[in-house]
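This report looks at a ligand and at the chain contact beside it. The sequence and the structure come first, and the account follows.

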Amino acid sequence: MNWLIRALSSSIGKKFVMGITGLLLCGFLITHLAGNLLLYVGAEEYNHYAHALHEQKMLLAVAEVGLFVLFLAHVVLAVVTTRENKLARKQNYDVKETKQKAPLFAYFPHDVMWTSGVIVLGFVLLHLADFRLGLRNPGPEGEEPFDKAVRLLHDPITFGGYIAGVLVLGMHLSHGFSSAFQSLGLNHPKYNKFIQCAGTAFAIIIAVGFASFPIWAVMFQ
Amino acid sequence: MSHETINLTLKIWRQPNAETEGRFEEYQLEGVSTHASFLEMLDILNDELIEQGIEPVAFDHDCREGVCGMCGMMINGQPHGPDLETTTCQLHMRRFEHNDKITIEPWRATAFPIVKDLVVDRSAFDRIITAGGYVSVNTGNAPDANAIPIPRPDQQQAMDSAACIGCGACVAACKNASAMLFTSAKVSHLSSLPHGKSERSERVLKMVAQMDDEKFGSCTNTGECEAACPAGIKLEDIARMNREYLRASLCSSGQ
Amino acid sequence: MAIAEPATNILDSKIPSGPIQDKWDKCKFDLKLVNPANKRKFNIIVVGTGLAGGSAAATLGELGYNVKSFCIQDSPRRAHSIAAQGGINAAKNYPNDGDSIWRLFYDTVKGGDFRSREANVYRLAQVSNNIIDQCTAQGVPFAREYGGFLMNRSFGGAQVSRTFYCRGQTGQQLLLGAYQALMRQVSTGKVEIFSRREMLDLIVVDGKARGIVTRNLINGEFETHTADAVVLATGGYGNAWYLSTNGNGSNVTAAWRCHKKGAFFANPCFTQIHPTCIPRSGDYQSKLTLMSESLRNDGRVWVPKRKDDSRPPAEIPDSERDYYLERRYPSFGNLAPRDIASRAAKLECDKGHGVNDTGQAVYLDFRDAIARDGEDVIRAKYGNLFHMYKKITGDDPYHVPMQIYPAVHYTMGGLWVDYHLQTTIPGLYALGEANFSDHGANRLGASALMQGLADGYFVIPYTIGDHLARHSFEKIPEDHDACREALENAKGRVNKIMSIGGSRTPNQFHKELGAILWDYVGMERTKAGLETAIENIRGLRSEFWEDLKIVGKNEELNQVLEKAGRVADYMEFAELIATDALNREESCGGHFRQEHQTSENEALRNDDDYAYVAAWEFNGVGEAATLHKEQLEFENVPLATRSYK
Ligand SMILES: Cc1cc2nc3c(=O)[nH]c(=O)nc-3n(C[C@H](O)[C@H](O)[C@H](O)COP(=O)(O)OP(=O)(O)OC[C@H]3O[C@@H](n4cnc5c(N)ncnc54)[C@H](O)[C@@H]3O)c2cc1C
Ligand code: FES
């Protein structure tokens, strides 16, 4: 097992785990988004889906633990590598300019992965507190999932945090998605453009898709 | 070749040795020909400084044609200055304007301690190569050069990667001071050639381990290294090294 | 002229007897061997990590010797060899165009204008093929055809294609191959690298080279390193001329200090002035950039027929252009050897046909090649060179012809060595450009890389063993008198330089020295000019020791001090260059004496009196050196007037 520990603790191994966990979390985002989209189909369908899901106790437990592990690994590795990376340059430059084509916004998404990651983490905690643990706005006993979602999304903090969180998530993904492929060694001139575009498209779909729910809830419900 | 001259303000990092703290100094330089190279501009400055009894600015250089990899400094925050695929020694003053202020700093990275002024110690790169950046073939062992045909695309690809000049601009540019582009260029060069295949697993495992030991940061795929590389080394090499590393870790008996 | 005559001929070139094809085999058989178990008992110092030193240190390590390897740069990979562009020759005859070991041998002897040692050149041609094999196995990515087989290009002075290349970076790739082999030995512990060290003296014990004194360039410490043999591979001295194509760190210091310790210096005046370099543009210039000779495969050299024609080149019709190389040398055309092409360029410029503000440039034009093959083909062949040219000059050679002018490039002279590459100090060997080598009075393109690697990979590993096996070696303690003497010598010189307290920088002195050499010991030399040069050099030397200004200390990285030390040695050495040029009353190869030329301005050799290697013995700075002559015999390539017409 020595080889495994060594491989996983090397800089490349860490990036590999980062990439894999990131991509798996992307997979979760897709299913989550798909489930949420049922909100638009109708209350009944959404409630039906939610109940069916909650009946799968075993599956849910495994999925939750799995997600937690993925998330934890992703976050812990981010902390570890960021700290190492800071140590790799103890004194900063007085002036630092990029040699890449100027970024679209003030920053490249890749320059702010740590910040965007921290914001997304905050959002996820808020989201869990609201929807999973019901810590901030506990609803009445037996509330239907559809009503719960709409009610929670009317909360100004949830509303704002949700929109900001998913937009930053989109930014995180716009680098993270294609970056994961690079870390896994999946880079070839033939496919790079495609991976880049897919990454951007994915980031936009996730950000826009999720951001639409609170807006919909507040405007139409 | 018509001549024009410009005046400059130079803000340069001065540090007497590794132990002493450094600081910036400003110098005025007048009448620099726009046909002079950046290093020639520093030569002119240094001759003036010596005449004033001030220690000249130490900087590394040798070939002055972009291939030895000796020169290298941050010029206004960019490794080797503003031009793409250009080393400091190939940068010419026609790239600057009259009365420009130019900030010049050494490469900054924990793995590249400053020796003096703009000179840094890049021996970490040598140690990465020593760890495995070679083909183990003793003199006299070789078969005829044409005995093993090498498909042209492979040879071209190997040459693209082998063009690395080891200047360290990739490390300097990277926000994590990572040496992945340098290390991957050698891994890519040798693993693309039939002669380098026998040791490919050992090589990548050892080189990456050494790279990590040297306290370089890790790669977060920002692409700054690629943009800063004067020799045109590509991010594909890093991906190739990642593949090689995974392959070696998971599927080979390499130790 | 002051030249001391030796009492007797003491030069023994150790050329083996027998037919030329068998000499190297015979030599290898006659050499005493060190058995494998004993090799680890011997320590060898290799100074220099260029192609010659890098390959030697790696190979000696592989054999089992303990090697210490020194260089002045921060890494062995940065030796000046890295800058070689064009290619490396070998007699593989892969193109099936009539090449052979014999032809490479013949071309090199003829190209060197019959001033090289036949036996050495033949050996060089013999091992050339092994070099290509070895480098390929190391992973040097030589250019290949679509079928995967090796490709060749043509170089000057040959009518076959025998040059192997890696785009425009052949030297870089070969050096990285040697460097990697070297680092592999570092990982096995057989080689220890000492970078940022400058050799300042040789330690000689009982007449044998037993070590060196170095200065650590980072902290100024003087160090003594002892060993059983010393190999010098410290490159050429083209920088004596100040402006040359050499890297800024190239110097004569190590070789010169050995010369002062008794090693003879051979043919110092044989200097190659390369025809295709980017012309000078101003006083600030620190180096001249070579545009590879390979460009002459497709580029055509010309000047306007009309004097002082200031029209842009595109407006000058063909009928008003003088393609003077094609006109004068129809069979070799633009691929005439370097010495010839350089002199022809100078001649045209002197007649007033030069272009550029300075009148010191000729055109190298790709118009016809681009029209014939298309821009893409030309880009694939020379893209990086064109790119480099554009970066330096700001002009785009795809649309305007390049401007080129000759510049000092390579030094055929160097420490005298015998067939074993041993200097006149037993145990001191010289390899690569540092020895007087196999190129006679003119080196053919792509032959220096070949020679450096031949010396390092395939000659020294055999011949050094003979010396080690034949003598007994007692351990030399660091406080041995000889070590102390060398150490004091090195320190004393540095202290002397530090204590002058004058007003001119080393760079200014270097520029002035370079100007003297370029004017009087450049492409064309005359008796009167050389005498003036000697006088001026002496004058400048005494000014140097009175008026030099250094700032900073010895105890830290001090690049001014380093430079001053090298300039100090050039000041002494330059006199020997001029003396040698004055002594050689003939024109041959890169040495052109105005007094000795044909009616067509071609070099006129004097084989009766000067078919010898001039090996100079040091008698003191400013003292007449003693001239030793090694007579050259031409048994296989009959002496003939070189013709490329
Ligand atoms: C621009 C250019 C292009 C060229 N192109 C070609 C070509 O295409 N084909 C070809 O065949 N030849 C070419 N040449 C010539 C060829 O490159 C050189 O002759 C050859 O590389 C010299 O190799 P070397 O090993 O003898 O010395 P170098 O490579 O010069 O190495 C000298 C070594 O000695 C060390 N050193 C020097 N002085 C000291 C000291 N005092 N103490 C310690 N170390 C010291 C240096 O650090 C360095 O490691 C070219 C030369 C130039 C300048
Ligand atoms: S000095 Fe050699 S690359 Fe700049």
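## Polar contacts of the ligand

In this predicted model, an oxygen atom of ligand 1 is 3.4 Å from a polar backbone atom of C:Ala233, a polar contact being a pair of N or O atoms within 3.5 Å, where within protein one must be able to donate a hydrogen and the other to accept it, and residues adjacent in sequence count only if both atoms are side-chain atoms. A polar backbone atom of C:Ala52 is 3.0 Å from an oxygen atom of ligand 1, and for C:Ser447 a backbone N or O atom lies 3.2 Å from a ligand oxygen. The protein covers 98% of the 1000 Å² of accessible area that ligand 1 has on its own (Shrake-Rupley method, 1.4 Å probe).

Residues are numbered from 1 along each chain as its sequence is written, while chains are lettered from A and ligands numbered from 1 in the order in which they are written. Local features need pLDDT of at least 70 and side-chain atom pairs count only at pLDDT 80 or more, whereas totals for chains, interfaces and linings use all residues, and side-chain values use heavy atoms, with hydrogens and water left out.

## The shell around the ligand

Ligand 1 lies between chains B and C, and of the 38 residues around it (a heavy atom within 4 Å), C:Gln73, C:Ser81, C:Met199, C:Glu433 and C:Leu449 come nearest. Strand E7(C) gives the largest share of this shell, three residues, where strands are DSSP runs of E with at least two residues and helices are runs of H or I with at least four, numbered from the N terminus.

By class, the shell has 16 nonpolar, 17 polar and five charged residues; Ala, Val, Leu, Ile, Met, Phe, Trp, Tyr, Cys and Pro count as nonpolar, Asp, Glu, Lys and Arg as charged, and the others, Gly among them, as polar.

## Where chains B and C meet

The contact (heavy atoms within 4.5 Å) takes 79 residues from chain C and 78 residues from chain B. Together the two chains bury about 6700 Å², 51% of it on carbon and sulfur atoms, buried area being the accessible area (1.4 Å probe) that two parts lose on being put together, summed over both.

Six salt bridges are counted between chain C and chain B (a side-chain nitrogen of Lys or Arg within 4 Å of a carboxyl oxygen of Asp or Glu). B:Asp60 and C:Arg196 meet through their side chains in a salt bridge, at 2.8 Å from N to O.
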